[in-house]
Amino acid sequence: MAKQRNTTPRTRTKATPKAAPAPVKIARVAKGKKPQYFADPATDKLLWMTVTLMEELSVTRDRLDTVERLLARKRVLKTQEIDGYKPDPRAASERDQRRRAYIDRMMRAVHAELEEATRSALKSADDPIAAVES
Amino acid sequence: MKFNHHALLPETLHDEQARQDFVSALRGHLSGRVMPGAYKIYQTRVLPAFVAAQGREPEDEQEVRNVMTRDPYYQFWSALQRRSQELLWESVIDPTERLAPELIAKAKPRRKARGSLRLDPALAIPRYHTAADIHLQPGGYHSEFAADDVAAGAIYDKGINLYMGGALGRENDLMGNTLVAYLRERHPARRPLRILDMGCAIGNSTVVWARAFPRAEVHGIDVAAPVLRYAHGRAEALGVRAHFSQQNAEATDFPDGYFDLVVSHIVLHETSKSALVRILAECRRLLRPEGLMLHLEIPRGRSVIEKFMHNWESYNNNETFSRYMTRIDLLAEGRRAGFSADELKLEEFAPKLDVAQMNYAENFFWKILAAEKRAD
């Protein structure tokens with residue numbers, strides 16, 4: 001494993017290829033009224049979050065499995081070494097960022113209610129259907 | 001099923017792939033293990049309760065809806081199915097967003113292109129696209145997130161493959177193949193020289209027609225620019241010649257009688273009551289005498305419970321027009337559009353699918369609305 005020489009992350013800009021294209025942001029929420037499935041809207045949110053959690057756990061297990069298999073194949077470490085690992089500040093900071101993004105993703109069920117309430121919302125779930133049938 | 005890679009399909013990083021794999025597995029589970037339970041619940045507790053209360057069975061899918069949406073098993077499946085659909089798009093948006101500038105560059109028309117791309121920025125996007133994002137795809141087919149954007153196309157290409165558990169084939173070619181098979185079976189002597197694919201989106205079926213009839217001039221039209229740019233880049237990457245143009249199928253700029261064959265693949269149920277008749281009328285105008293029209297449509301169920309289950313898409317997946325399509329007679333729509341009764345035909349075609357690939361019903365059959373234009 002490469003040693004971390006400097007623990008404070010330096011702001012060193014790499015020589016970037018000229019005129020790197022601007023990043024593209026794609027919408028994440030579909031237009032249209034979101035149905036309510038359960039009598040208590042809190043149940044909808046909890047189910048939403050549970051499925052997201054299922055996904056993240058599945059992704060994490062896949063990644064961990066990849067790492068462990070690659071390391072074992074390269075005879076780099078044994079699984080026991082993972083238990084004794086302590087992240088350095090840079091690793092800790094990267095983990096923190098990833099953790100925040102993860103929580104943000106999980107909490108979208110909560111944010112969505114606010115977005116819907118503040119958007120000029122459609123009157124009812126049937127509206128887009130009525131529109132095409134007229 | 002393995003999905004064929006081509007230059008415009010976003011390459012996934014490890015976790016992006018793991019997300020897509022999860023979505024695929026979850027949807028397979030929902031379709032194979034959870035959805036069939038909704039039919040059992042209906043038979044064993046919802047229907048008996050309805051009969052006990054009303055002294056009769058439900059007359060239509062709306063009556064089934066009134067009782068099923070109150071059943072906790074159905075509610076849970078429905079909420080899970082909705083969430084799986086949202087996750088599906090998220091899992092495809094991640095790599096698309098990361099690679100967007102690269103994809104845009106790759107899709108740009110080249111001087112030595114085999115086919116062509118013609119866009120019309122002044123074309124009005126119909127309300128049936130803008131009222132709600134079809135299939136919950138954020139931004140739908142038409143929204144542009146960058147100049148010369150192709151994101152909607154890239155998202156759709158991988159998304160529809162995940163949607164039906166890979167059932168759409170290695171190049172999302174199942175629908176094109178189904179309709180080509182129908183043509184070869186029913187009209188073996190036909191060798192169409194001009195073919196129009198309406199509502200072609202990413203041209204996944206357009207490409208199938210161009211390969212099946214390599215001497216034909218094959219056109220694909222759609223109202224949405226991002227999917228057309230992608231369709232052009234995709235067809236070029238696959239080495240197939242096709243001509244894509246941004247047009248509304250309700251009124252195109254092709255001359256009368258220009259085409260031997262006009263087709264569409266699961267497009268009609270994404271339109272509207274008024275658009276549907278206008279599209280069929282436009283098909284008739286575009287066909288030469290003895291020309292053929294073939295529209296492949298999604299099954300909408302036979303029994304009231306099947307119809308109700310298919311209508312899930314209308315209420316939960318922004319397929320706003322599919323509820324209307326469940327209860328209408330497509331042949332009558334064809335007659336309203338100017339076809340005579342003896343020109344029209346409505347047939348069922350059944351491909352073999354795996355249980356994990358059927359989202360709302362255990363019996364899956366395509367509908368084909370066909371018409372052979374008589375000489376006037």
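**Reading the two chains**

Modeller: Let us start with the order of elements: from the N terminus on, chain A runs α-α-α-α-α. Please keep in mind throughout that this is a predicted model.

Biologist: How many helices and how many strands does chain A have?

Modeller: Chain A has five helices and zero strands. Burial and contact range may be read next. Buried residues account for 12% of the 134 residues in chain A. Of the contacts in chain A between residues at least 6 apart in sequence, 78% join residues at least 24 apart.

Biologist: At what angle do α1(A) and α3(B) pack?

Modeller: One reads an angle together with a distance between axes. Helix α1 (residues 41-73) of chain A and helix α3 (residues 72-107) of chain B pack at about 50°, and their axes are 10 Å apart. An angle of that kind is the reason α1(A) and α3(B) are described as oblique to each other. The crossing of α1(A) past α3(B) is right-handed. On the α1(A) side, A:Asp44, A:Leu47, A:Trp48, A:Val51 and A:Glu55 take part, and they meet B:Ala79, B:Leu80, B:Arg83 and B:Leu87 in α3(B).

Biologist: Which angle and which axis distance describe the packing of α1(B) and α3(B)?

Modeller: Helix α1 (residues 14-54) of chain B packs with α3(B) at an angle of about 160°, with the axes 9 Å apart. Angles over 145 degrees count as roughly antiparallel, so α1(B) is roughly antiparallel to α3(B). This crossing is left-handed. Among the residues of α1(B) that meet α3(B) are B:Val23, B:Leu26 and B:Leu30, while those in α3(B) include B:Trp77, B:Leu80 and B:Leu87.

Biologist: May we turn to the sheet? In what order do its strands lie?

Modeller: The open sheet of chain B holds eight strands in the order β1-β4-β3-β2-β5-β6-β8-β7, and the pairing is mixed. Its edge strands are β1 (116-118) and β7 (344-349) of chain B, each of which pairs on one side only. On average, neighbouring strands of this sheet are turned by 15° against each other, direction ignored.

Biologist: How many bridges join β1(B) to β4(B)?

Modeller: There are three bridges between β1(B) and strand β4 (residues 243-246) of chain B, and the two run parallel. Here B:Leu117 stands opposite B:Phe244 in β4(B). Strand β2(B) is also parallel to its partner, strand β3 (residues 217-222) of chain B, and five bridges join them. The bridge partner of B:Arg194 is B:Glu217 in β3(B). Four of the five residues of β2(B) are buried.

Biologist: Which strands does α6(B) lie across?

Modeller: Helix α6 (residues 174-186) of chain B lies across β5 (259-265), β6 (287-297), β7 and β8 (366-372) of chain B, at about 135° to β6(B). Helix α9 (residues 273-286) of chain B also packs on the sheet, where it touches β2 (194-198), β5 and β6 of chain B; its direction makes about 145° with that of β6(B).

Biologist: Is B:Gly291 buried or exposed?

Modeller: One counts neighbours, and 20 or more within 10 Å make a residue buried. B:Gly291 counts as buried because it has 22 C-beta neighbours inside 10 Å. B:Gly291 lies in strand β6 of chain B. Leaving aside residues up to four places away in sequence, B:Gly291 touches B:Phe259, B:Asp260, B:Leu261 and B:Lys373. B:Gly291 and B:Arg190 are 101 residues apart in sequence, yet 9.8 Å apart in space, C-alpha to C-alpha.

Conventions: Residues numbered from 1 in each chain as written. Chains lettered and ligands numbered in written order. Predicted model: local features only at pLDDT ≥ 70, side-chain atom pairs only at ≥ 80, totals over all residues. Pairing = 2+ DSSP bridges. Axes fitted to C-alpha atoms, helices over the stretch in contact; angles between N-to-C directions. Contact = placed C-beta atoms within 7 Å. Parallel < 35°, antiparallel > 145°, perpendicular 65-115°, else oblique. Left-handed = near helix turned anticlockwise from the far one by under 90°.
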